[in-house]
Every structure is written in C-alpha cells, then in structure tokens.
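Me: I have a structure open and want to learn to read it feature by feature. Can we start with how helices pack?

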Amino acid sequence: EGYTNREPPSSKEAQACLRTCVALQIEEEMQGRKDEVHMEKLRMQLEQVAKKVTLAINERYIRPTLRKCGNRECLLPNETRPDQYHRWLSGGTLRFCSSECHSAFEHYANTNNFLGYDSLCSGGPLSDNLVMRCLLFLPERPFWFRIARTCRRNWKLVSQHRSSVRFPGVITPNPLAKSKMPQLGFKSVDPMVMMKLLERSPSLLHLDFGDCTVVDDKVIWQIGKSCPNLLTLSLRGCPSITDFALEDLAACVLLERLDLSFCSHISDEGLLGLSNALSNLRLLSLAHCPDVTEAGIEAVAAGCRRLMYVDISFCKRISDRGLKALIRNCSELRYLNVRGASNLSTAQLERAQKQIPEVVGLSWQEIVPADPTAKGFD
C-alpha cells in the first residue's frame with residue numbers, strides 16, 4: 001500500500017523496505033493458491049513498480065490516513081512504515097512510524113478504557129461504567145448481543161455484565177411436515193464453547209439449557225465454579241446430567257428456581273447433596289425422573305423449606321411418605337403437580353388438597369372425554 005520516504009530513494013534501506021512490501025503482497029495474494037505462472041507475473045509487475053520509488057507522497061498510499069502515525073502524541077513528521085508497527089482495530093488498521101510510538105500506544109491502550117481503540121470522540125475516551133449505564137437503557141435481549149458483535153471491548157463488557165443466557169437445544173427437521181418450505185435442523189452448541197462462555201460471564205442470574213441434550217456434568221461443574229449468583233437454572237430435557245453434577249451445583253447457594261424435568265439419571269443421592277445447600281430454593285421440578293423416590297423428596301423437604309412450587313408428575317416411585325414430608329416441612333407450598341404419580345394413595349392426596357391451595361393432576365379432577373359410541377350420545 002505504500003513506500004517509505006525516510007531515506008533517499010536510491011539508498012539500500014529504501015530498496016529493502018520496498019522488497020519487504022513486495023514479499024508481503026505476494027504472500028497475501030498467493031495465500032492458499034499455488035500458481036507459479038501468476039506469481040511470476042506479479043513479480044514482473046512489482047519489479048516495474050520498484051523503479052518508481054520517487055512517486056509523489058499522495059500517490060504512495062491507497063488510504064492517505066495510513067500516512068499518519070497512530071500515536072497521537074507523536075510530533076515527528078515521519079511517514080509510517082507499511083512493513084511493521086501495525087495493528088488491527090475495530091475500525092481498520094493503525095500504523096506507527098517507530099517502535100517507540102507503537103510501545104507508547106500499547107501502554108496507553110492497556111491503561112485507558114475507550115470505546116474502540118480508534119475512537120475519535122472529542123470528549124475523550126468513554127469509561128466502562130459510562131458504557132454500561134448506556135447499555136442498561138436497552139433490553140438485554142436482543143440488543144446486548146448485537147452490540148457485543150461490534151468490537152472486542154463491547155463483547156467483553158456484555159460477557160461480564162449479562163444476566164441471562166439461553167442455549168438452544170437440538171432442532172431436527174420434521175420429515176412428516178406438509179409444508180413446502182425447506183426445514184432446517186439445528187445442532188446444539190458444543191459443551192466446550194458453553195464452558196468458555198460461562199467462564200467469562202460471572203454476573204449470570206438466569207440460565208436455560210432446555211432440550212440441550214449435549215449438556216453434561218462438565219458444564220454443570222463450570223456453572224458451580226463461575227456463576228455463584230445464579231438464581232434460575234433450567235436443565236429440562238438434559239439426559240446426560242447425573243448425581244455428580246448436582247453435587248457441583250450445590251455451590252450456587254442463591255439458586256431459587258431449578259428445573260430437572262426429564263433428567264432420567266437423577267436419583268435420591270444427588271437430591272440429598274443438593275438439598276443441604278439450596279435453602280433458598282422456591283421452585284423445583286422433578287417431572288419424569290424415574291429414579292427419584294420418597295427418600296429424595298424427604299431430603300428436599302428437610303433442606304428446602306421455602307419451596308412454593310413442586311412438580312413430581314410421573315415420578316411413580318414416590319409414596320405417601322414423601323408427600324407427607326412436603327406438607328409437614330414446606331409451609332409456604334402453594335402449587336403441587338402429582339399427575340401420573342401412581343404410587344400416591346387417594347386418602348393422602350385428599351389431605352394434600354386441603355392444605356395446599358393448588359394441587360394439579362388429581363384423578364377425580366381429570367376431565368374424561370365422552371364415548372361417542374355410548375347410548376344417548378348426541
């Protein structure tokens with residue numbers, strides 16, 4: 001893109017600088033393509049350009065702004081060197097006339113926060129606190145994600161201060177769909193990518209892994225390590241979660257809402273370690289967890305006494321003893337789902353209906369559809 005004007009055009013330093021530019025241009029042009037004939041043509045053209053070292057300054061650069069040193073405190077009228085001292089930024093490239101200017105700019109960039117390294121704000125650089133106060137006026141979804149894609153600094157700010165993340169689950173195209181529009185499938189995020197994102201987001205309050213089948217115990221370990229202030233966690237439809245993951249999840253002592261529905265490998269052992277730490281838990285869903293018995297429910301009732309919402313639907317191994325423990329210990333319980341819990345007696349369910357404001361799934365409350373073949377059906 002340019003030549004140097006620091007030395008006389010006939011000097012060896014100027015010729016060496018020009019050859020470096022030529023080599024860089026050839027490397028960029030031929031990256032990933034092996035065409036010897038094209039390379040030879042390029043060399044011939046560049047040899048002709050080399051004879052025109054004495055071009056006017058305005059003709060030596062495609063972008064005249066690259067002639068100026070990126071260090072604003074530089075008072076020397078020297079032109080920049082296109083073969084060194086350059087840096088990629090959010091708005092393009094900055095070049096420097098010497099290693100001293102480059103070092104001075106690096107020091108300034110590391111000790112001062114400003115919105116993009118190439119910001120030309122007349123009032124000076126914007127602080128992180130001021131940028132975050134501006135972001136708080138926008139809804140976190142979807143604007144924060146869009147702003148984070150503008151530059152690295154905004155991405156870092158959003159990662160550090162975002163409060164909620166939802167990881168999409170696996171979406172497969174329906175082969176029986178009658179729509180003529182092409183249906184696209186979607187694969188879930190890789191667990192390693194999830195762990196890196198969680199590591200950089202210490203302010204998370206709400207996490208949703210619904211139907212994300214690739215979530216395993218390692219991801220839950222990262223949650224317990226990096227998200228101490230977590231309030232809501234949904235692991236619905238994550239079959240790879242085991243009791244070991246619940247032990248790591250006990251580090252999130254502020255957790256208030258936990259959804260473990262359709263986690264088929266969860267058992268009483270995991271609930272025992274979890275209930276001892278989550279005393280602030282208000283919502284717990286254990287729907288379709290076949291290995292949960294009354295022992296796990298008793299442990300939850302003894303440790304999580306502030307529960308208001310409990311879902312034990314289709315947990316067929318829970319008996320009356322577990323339901324009694326919930327009623328006895330959880331005085332704030334307002335909602336209970338017992339649909340499909342076939343091991344509970346009718347008498348105990350009637351007692352629960354009298355003490356809990358809303359009990360869902362009682363067999364005598366279910367609406368039975370009429371039989372069209374019955375006599376007298378109109």
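Reply: Start with who touches whom. In α5, Trp 144, Phe 145, Ile 147 and Ala 148 meet Asn 154, Trp 155, Val 158 and His 161 of α6. By class, this contact of α5 with α6 holds 6 nonpolar, 2 polar and no charged residues. Keep in mind that the model is predicted.

Me: What describes the geometry of two packed helices?

Reply: Two packed helices are described by the angle between their axes and the distance between the axes. Here the axes of α5 and α6 come within 7 Å and cross at roughly 140°. Angles over 145 degrees would count as roughly antiparallel. So α5 and α6 are oblique to each other.

Me: Which residues of helix α6 are buried?

Reply: For burial, look for under 20% relative accessible area. In α6, which spans residues 152-161, the buried residues are Arg 153, Asn 154, Leu 157, Val 158 and Ser 159.

Me: Which helices do the buried residues of α6 pack against?

Reply: They pack against α4 (128-135) and α5 (140-148). Asn 154 and Val 158 are buried, and both are also among the α6 residues that meet α5.

Me: Next pair. At what angle do α11 and α12 pack?

Reply: The angle between α11 and α12 is about 5°, and their axes are 8 Å apart. Under 35 degrees counts as roughly parallel. α11 and α12 are therefore roughly parallel to each other.

Me: Which residues make the contact between α11 and α12?

Reply: α11 supplies Glu 294, Ala 295, Ile 297, Glu 298, Ala 301 and Ala 302, while α12 supplies Arg 321, Gly 322, Ala 325, Leu 326 and Asn 329. Sorted by class, the contact of α11 with α12 has 6 nonpolar, 2 polar and 3 charged residues.

Me: And how do α12 and α13 cross?

Reply: Use the angle again. Helix α12 covers residues 320-329 and helix α13 covers residues 346-355; their axes come within 10 Å and cross at roughly 15°. That makes α12 roughly parallel to α13. The crossing also has a hand: α12 passes α13 in a left-handed crossing.

Me: Which residues of α12 meet which residues of α13?

Reply: On the α12 side are Asp 320, Leu 323, Lys 324 and Ile 327, and on the α13 side are Gln 348, Leu 349, Ala 352 and Gln 355. The class count for α12 with α13 is 4 nonpolar, 2 polar and 2 charged residues.

Me: Now single residues. Is Leu 307 buried or exposed?

Reply: Read the relative accessibility. Leu 307 counts as buried because its value is 0%. Leu 307 sits in the loop between α11 (294-303) and β8 (309-311).

Me: What is Leu 307 in contact with?

Reply: Set aside neighbours within four places in sequence. Leu 307 is then in contact with Leu 281, Arg 282, Leu 283, Leu 284, Val 300, Cys 330, Glu 332 and Leu 333.

Me: Where does Glu 106 lie?

Reply: Glu 106 is part of helix α3 (residues 99-111). Glu 106 counts as partly exposed because its relative accessibility is 22%. Its C-alpha atom is separated by 9.4 Å from that of Asn 71, 35 residues apart along the chain.

Me: Which residue has a phi near 60°?

Reply: Check the backbone for positive phi in a residue other than glycine. Asp 211 has a phi near 60°. Asp 211 is in the loop between β4 (206-208) and α8 (217-226). With a relative accessible area of 47%, Asp 211 is partly exposed.

Phe 262 is not a glycine either, and has a positive phi of about 65°. Phe 262 is in the loop between β6 (257-259) and α10 (268-275). Its relative accessible area is 36%, so Phe 262 is partly exposed.

Me: Zoom out. How many helices and strands does the protein chain have?

Reply: The protein chain has 13 helices and 10 strands. Of its 378 residues, 40% are buried. The chain exposes about 22,800 Å², with carbon and sulfur atoms supplying 54% of it.

Me: What share of contacts joins residues at least 24 apart?

Reply: Count contacts between residues at least 6 apart in sequence. In the protein chain, 64% of these join residues at least 24 apart.

Definitions and conventions: Residues numbered from 1 in each chain as written. Predicted model: local features only at pLDDT ≥ 70, side-chain atom pairs only at ≥ 80, totals over all residues. Heavy atoms only, no water. Axes fitted to C-alpha atoms, helices over the stretch in contact; angles between N-to-C directions. Helix = DSSP H or I, 4+ residues; strand = E, 2+ residues; numbered from the N terminus. Parallel < 35°, antiparallel > 145°, perpendicular 65-115°, else oblique. Left-handed = near helix turned anticlockwise from the far one by under 90°. Contact = heavy atoms within 4.5 Å. Nonpolar A, V, L, I, M, F, W, Y, C, P; charged D, E, K, R; others polar. Buried < 20%, exposed > 50% of the residue type's maximum accessible area, 1.4 Å probe, protein only. Areas by Shrake-Rupley, 256 points an atom, 1.4 Å probe, with all protein chains shown as cover.
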